[in-house]
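Hi everyone, thanks for making time.

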Amino acid sequence: MQHKMKTSRAAAKRFRVTGTGKLMRNKAYKRHILTKKSTKRKRNLRQPGLVDATSVKTMKKILPYL
């Protein structure tokens, strides 16, 4: 009998899987010092981003059941 793989709980809270199997993430630089950032830039940071293709293999390893 093979053991189940453990999911990284921290990663499971930070990433979601799209319908096509891509990983979605939140963008950085939206937490503080917001007065000097333009409205357009802050609005763009609200949209989720995709995890880069070079990181997907590693992410799938720590998120085996997502």
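I'll go through the sheet, then the core, then one lysine.

Some housekeeping: this is a predicted model, where local features need pLDDT of at least 70, side-chain atom pairs count only at pLDDT 80 or more, and totals for chains, interfaces and linings use all residues. Residues are numbered from 1 along each chain as its sequence is written, and side-chain values use heavy atoms, with hydrogens and water left out.

Strands here are DSSP E runs of at least two residues, and helices are H or I runs of at least four, both numbered from the N terminus; two strands pair if DSSP finds at least two bridges between them.

Next, the core. Which residues make up the largest nonpolar core? They're A11, F15, L23, V51, M59 and L63. By nonpolar core I mean buried Ala, Val, Leu, Ile, Met, Phe, Trp, Tyr and Cys residues joined through side-chain atoms within 4.5 Å. Buried is under 20% relative accessible area, exposed over 50%, partly exposed in between, using a 1.4 Å probe and protein chains only. Leaving out residues up to four places away in sequence, M59 touches F15, L23 and V51, where contact means heavy atoms within 4.5 Å.

Last, K37, in the loop between strand 2 and helix 2 (39-46). K37 is buried, at 13% relative accessible area. Beyond its neighbours within four places in sequence, K37 contacts Y29, H32 and K42. A polar atom of the K37 side chain lies 3.0 Å from the backbone oxygen of Y29.

Key: A polar contact is a pair of N or O atoms within 3.5 Å; within protein, one must be able to donate a hydrogen and the other to accept it, and residues adjacent in sequence count only if both atoms are side-chain atoms.
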